[in-house]
Amino acid sequence: NSTSNDDDGNFFSPEMMRDNFWLVVIALLVMAFVIAAGVEETMKHFAVRCCRMPAPLYDPQAVMVYLMTAALGFATSENIEYVFGANKSPLPGTSLMVGELFVLMIRICMPIHLICSVLQATSLSKMLMGDTQIGLLHVLLPAIFLHGSFDFFLFLMGAISTAYEVDSPFLEALGYVVPLAITATGIYFAYTGFMKVLNTFNSGYEGFPRDEPEAPTVFL
C-alpha cells in the first residue's frame, strides 16, 4: 500500500506516466524544441552576435568559423557535464571510467551543436550577402528544428522505457540508430546548403564595399 500511495503522488512514476502519456509527450516537445534547442541555439547565436568584430563579416567561411567556435565551446562544456556528472556507467558490468569514455565517444560521433552552427552560418551568410527576406527567426529555425528533433527522440525513448518499464535490446539499438540518422541528415543539409552559399559568394559576389564606411553590415 505504501508503494501504491507513493506512486499515486509521483507524476513520474511509471503508472502515472502511462495514464498521462500524451501530457508527457507535450512536455517533452516543449523541453526539446523550446527549452533545449531554442535556448541553446539562441545562446550560441548571440555569443557571436554580441562579439565586437575587428571588421564587418563578408566571407561565409568566416561566419561559419565564428559560429562553429561558439558551438564547440558550448558542446565542450556540455560534454564535461554529461561525462563527469554520471554516478554510474551506462554500460552494465563496466567501470565508471569506461562508461564516461563511451558517453564521450557517442557524443563526438553525433556533433549536433557543430552541425547546427553550419545551418545557422548558411542562413546568416545569405543575410550578410543582402538577402532582405531572411531575419533572425529564419537563421535560427533550421538549427532549432534539427536540434529539437534530435533531443525529442532521445527524451521520448527514455520516457517510453520508464513508463512501460521496457528494457529491450531493440529499443536500446533504436536509441542509437535514429539519432545517428538525424545527425547524418543534418550533415547532408548543412553541407549542401553551405556549399551553395559559398559557391554564390565565390562566383562573383564581393560582399558590401569595404571602402565605404557607411556600408551596411545588416546584422553584425
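A nonpolar core, for this tour, is a set of buried Ala, Val, Leu, Ile, Met, Phe, Trp, Tyr and Cys residues joined through side-chain atoms within 4.5 Å. Keep in mind that this is a predicted model.

**Whole chain first.** Color by secondary structure and you'll get 8 helices and 0 strands. Of the 220 residues, 38% count as buried. The protein exposes about 13,000 Å², and carbon and sulfur atoms supply 65% of that area. Among contacts between residues at least 6 apart in sequence, 74% link residues at least 24 apart.

**Into the core.** Select V63, L67, A121, L124, L146 and F194: within the largest nonpolar core, which has 28 residues, these touch the most other members. Now color by helix, and you'll find that α4, α5, α6 (112–128), α7 and α8 each supply at least two residues of this core. Which helix gives the most? That's α6, with 9 residues. In general, nonpolar side chains tend to be buried together in soluble globular proteins.

Zoom in on A121. Setting aside neighbours within four places in sequence, A121 is in contact with V63, M64, L67 and F194. There is also a second, separate core of 9 residues; to find it, select M17, F21, A159 and A163, which are among its members.

**Along α7.** Just after α7, stop at E165, where phi is positive, about 50°.

Go to E78 and R107, whose closest N and O atoms are 2.6 Å apart. E78 sits in helix α4 (residues 60–84) and R107 in helix α5 (residues 96–109), so the pair ties together parts 29 residues apart in sequence. At 12% relative accessibility, E78 counts as buried; R107 is partly exposed, at 22%.

Next, select K44 and E41. Their closest N and O atoms are 2.8 Å apart. Both residues belong to helix α3 (residues 21–49) and lie 3 residues apart, about one turn of the helix. As a rule, an α-helix has 3.6 residues a turn, so residues three or four places apart point the same way. Both K44 and E41 are buried.

**Last stop: a surface patch.** Show the surface and select W22, L23, I26, V30, M31, V34 and I35. Together they form a nonpolar patch with about 650 Å² of accessible area. Click on M31, which is found in helix α3 and counts as partly exposed, at 38% relative accessibility.

Technical notes. Residues numbered from 1 in each chain as written. Predicted model: local features only at pLDDT ≥ 70, side-chain atom pairs only at ≥ 80, totals over all residues. Heavy atoms only, no water. Salt bridge = Lys/Arg side-chain N within 4 Å of Asp/Glu carboxyl O. Helix = DSSP H or I, 4+ residues; strand = E, 2+ residues; numbered from the N terminus. Buried < 20%, exposed > 50% of the residue type's maximum accessible area, 1.4 Å probe, protein only. Patch = residues over 30% accessible without salt bridge, like charges linked within 9 Å, V, L, I, M, F, W, Y side chains within 5 Å. Areas by Shrake-Rupley, 256 points an atom, 1.4 Å probe, with all protein chains shown as cover. Contact = heavy atoms within 4.5 Å.
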